[in-house]
Amino acid sequence: MARNSSFIVLCSWLLAVCAFAANEEPKTKNQAQVAVPFRPEAGKFPALENAHSYRGELVFVDHANRRGSLRIQGVGSFRRNEPHPFALLPYGMVRYHGAPADLRDIPLGTMMHVLAYLPPDPKNSAVPVLPINNKENTAGFRDRGTAPAENHILLLEDEPSYDLRTGKAWKLGEVVLQNHAGLMVATREPTQGSPGQTTDETMTFDASTRVWRGRECLGIEDLIAEGTWPAEGKKSLSPQVVQLGLTWKPTAGSVFNRFHIADIWIDDAAMQRATQRQTKAYEAFIRSRWMPAWIDAVEYGKFGRATVTVTLFGGMPPALYADFKKGIPAMMNGVEQTLKHTEGGTAGPSQMSARGVILDVTKVHGEAPIGSSGIQIRFETDLITEGLRPTRVVRLRPADWPDVHVPREEYINGGSARMDERFPTPAIFPKY
Amino acid sequence: MMFLVRCSWLKTFVVLGSLFLVAGSLNVAGFAANEEPRTKNQEQVAVPFRPENGKFPPLDKSVAYRGELVFVDHATRRGSLRVEFKSEFFRSPPTPFAMLPYGMVRYHGAPADLRDIPLGTIMNIRAFLPPDPKNSSVVTTPNHWYPLPLENHAILIEDEPSLCLREGKTWKLKEVDLQNNQGIVLATRDSQDAAAAKDPEEKLTIDSTTRFWRGRESLSLADLVAEGTWPASGKKSLGGQSALLGLIWKPCPDGIFVRYHISDVWLDDKATQRAIQSQTEVHMSLIRSRWMPAFVDKVEYGKFGRATVTVTLFGGMDPSLYADFKKDGTGAINGAENTLKHAGGSYGPAHMASKGTILEVIKTPGVAPMGSSGIQVRFETDLIIEGIRPGRVVRIRPSGWPNVYIPREEFLGEGSKIEDRFPRPDIFPIYR
């Protein structure tokens, strides 16, 4: 089991210190666990060792409600596996290209790694609630493990993010080419220390595969023209170490689980550029949507005055946390579990939010659990608004972040809001 | 006034089948270049047009508008756009659209599937009324205080570079004003046609996530600043530099109603051609695995299940796909729905499909209407299956294409559930 104390990220090629730490691979560890599905509680970050891990192809996204569907990998025929709905926990994190991301940033078809729990509040789940032992369900064509009840996600990350977090990379073995497409044999290994037990994985690639080298974006035909890869036939590439972006495409023959290489980052510079770009995209995104957090305590004063203590959610670029400084003016607004702004969205979240001053910024002692930044903010307002109550989710921002109106699907329209705007029903997901 | 205009002006906007291909240079898109829809459409009489089953509608009856891609249900070929009005863009609710069976998606100047388009991309659409309102997969009468378009069944949806390449336009970059790795670019979209109406100058935002494509390089703003091409801070004239722009939307501060963000800049033809080539490869691979969609024109029944079927292949594909259909070649035809989902795909679409021989490949004389390739295929089978009837949509493939199983959400299964065949519009939230 992964221990929180060691779940930190150490990626020499990440530009910033992320809210993770290098560790053993969650999947391997979880496979060794006793399967006791875990249900998180409101207001508490769940223990990582209780998470269930799996991976799958992103098939559907409803980014405004932070949910979607994954085709989960089992041991049988991947293509038969039905899209499996998931929801992100309010403190759930998405990572893409080794950087924080929003669901809208992830291209459909991308293979994602997941750490997930049971729904914290089944009656208000935005995705179907399944029997607790559903990962054992093999009814019909269903492959074991492809429809787990643990569909509320703490961490959803693409292949490079997963590998960077866990200190791994792909070692390319052999390539076989015909008409600018072919098969690649590679192994995923730790970048440091003994490789341990590894298994060769055969993957496809084709003329649409992007090869990133420094600031170049190459195609397979460029590698052939350079003589790095053969135009036809086999070539050993060993021991080239790269990062891979994976997708899935239907495969001919009786191949059950074979993934497709969408991107190859050949060197650190290329990977760093991808990480840097996604980091910047996400920083701009959070500055316009505000930082999500949990309310730890509210001390009520007179005439609407109150002091609110919140814990900022984790996984953000450090530059965002650094913007929260003692003594600066700030704003706080109530949001739903989907992180949608609840109040005054139509005139911009600033209009109805509680305004005040940051009294204190505190780094909590010890290791912060995954999902938490470990940073507490004490904020004083002279007019507390509804939604700011202990265990509720809020969004806050320093006053100097850009004051923008968020788009219609990302806020709840005040008093006219229908119940299913606050609590999206799982009815949108097809039943196969 | 909304940017939603009709285009009966387009009497001559028809597609020559032979032109509706990406030419060798990859710069000539598969459309007849024409006048700017927005300007012309504003002059038009609003007569909503409802296409008929089995007939390609005249493009001059379509309505043109543009908006941000906000939601995608690619398996059912539908989604939502935030339609551009000349008022606050953020208030415009996601408006559902469905692709007509012969409706085309274009991205980076090449054919595409909805799954290929990143959420947030600004798309240009041409659409009609629902051909069959009672079975529409999207709402037929959007009810909102914004005048949302009733024409929500798309024959063409394309991103900004695709529109510019199709209409022979380029952006001319006039001036950049930068501060802290972000700023404003002044630009105009110019036409090669000197007689065409001039577009007004636009202010577009730019930041450190904007990608600049030059040859095979993928550059950032920081790279251009380091080279001295762009200033680190302040204004600089860009001298009307030609470029293609990829546009998205981000919320803007300061009460700005509609201002788009530059996600990508293609600085030269080589870079543009590489983007076109990459997307073309992606789509060719998709169609070879999902089969070519077509309308059934005619069925001549023989004895004991034998029949000769004449189909018209849908338009907008890469020419090499059409070239794979050869006289006397073997192939297979399968029934499909208006969503292009295969019928009976649990064992792969080839399992239940009618197999046979291509008797003839006919290029229809004259100019093919938009949506059609202008190519008819006569196909003889010894066992005609249900679903292959005049006016119905089918998918057809030459035997040389890979025989793969498609994923669960892209076929109907046993077809016992009516909503599998006729998806309901319920999945779309209603915004007031």
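Which residues does B:Trp291 touch, not counting residues up to four places away in sequence? B:Trp291 touches B:Asn334, B:Pro349, B:Arg395, B:Ile396 and B:Arg397, where two residues are in contact if their C-beta atoms, placed from the backbone, lie within 7 Å.

## Basis of the model

This is a predicted model, in which local features need pLDDT of at least 70 and side-chain atom pairs count only at pLDDT 80 or more, whereas totals for chains, interfaces and linings use all residues. Residues are numbered from 1 along each chain as its sequence is written, and chains are lettered from A and ligands numbered from 1 in the order in which they are written.

## The surroundings of B:Trp291

B:Trp291 lies in the loop between helix H4 (269–290) and strand E15 (292–301) of chain B; helices (H or I, at least four residues) and strands (E, at least two) are DSSP runs, numbered from the N terminus. B:Trp291 counts as buried because it has 24 C-beta neighbours inside 10 Å, the classes being buried for 20 or more other C-beta atoms within 10 Å of the residue's own, exposed for 12 or fewer, and partly exposed in between, with C-beta atoms placed from the backbone. One of its contacts, B:Ile396, is 105 residues away in sequence, although the C-alpha atoms of B:Trp291 and B:Ile396 are 5.4 Å apart in space.

## Strand E14 of chain B

Strand E14 (residues 260–266) of chain B is mostly covered, with seven of its seven residues buried. E14(B) pairs with strand E11 (residues 211–214) of chain B in the parallel sense over three bridges, and B:Phe212 stands opposite B:Val265 in E14(B). Strands are said to pair if DSSP finds at least two bridges between them.

With strand E13 (residues 234–249) of chain B, E14(B) pairs in the antiparallel sense over six bridges, and here B:Leu244 stands opposite B:Trp266 in E14(B).

## Where the two chains meet

Between the chains, 45 residues of chain A are in contact with 46 residues of chain B. Strand E1 (52–62), strand E11 (216–218) and helix H4 (268–289) of chain A each supply at least two residues of the side of chain A that touches chain B, and H4(A) gives the most, with five residues. The residues of this side divide into 19 nonpolar, ten polar and 16 charged; Ala, Val, Leu, Ile, Met, Phe, Trp, Tyr, Cys and Pro count as nonpolar, Asp, Glu, Lys and Arg as charged, and the others, Gly among them, as polar.
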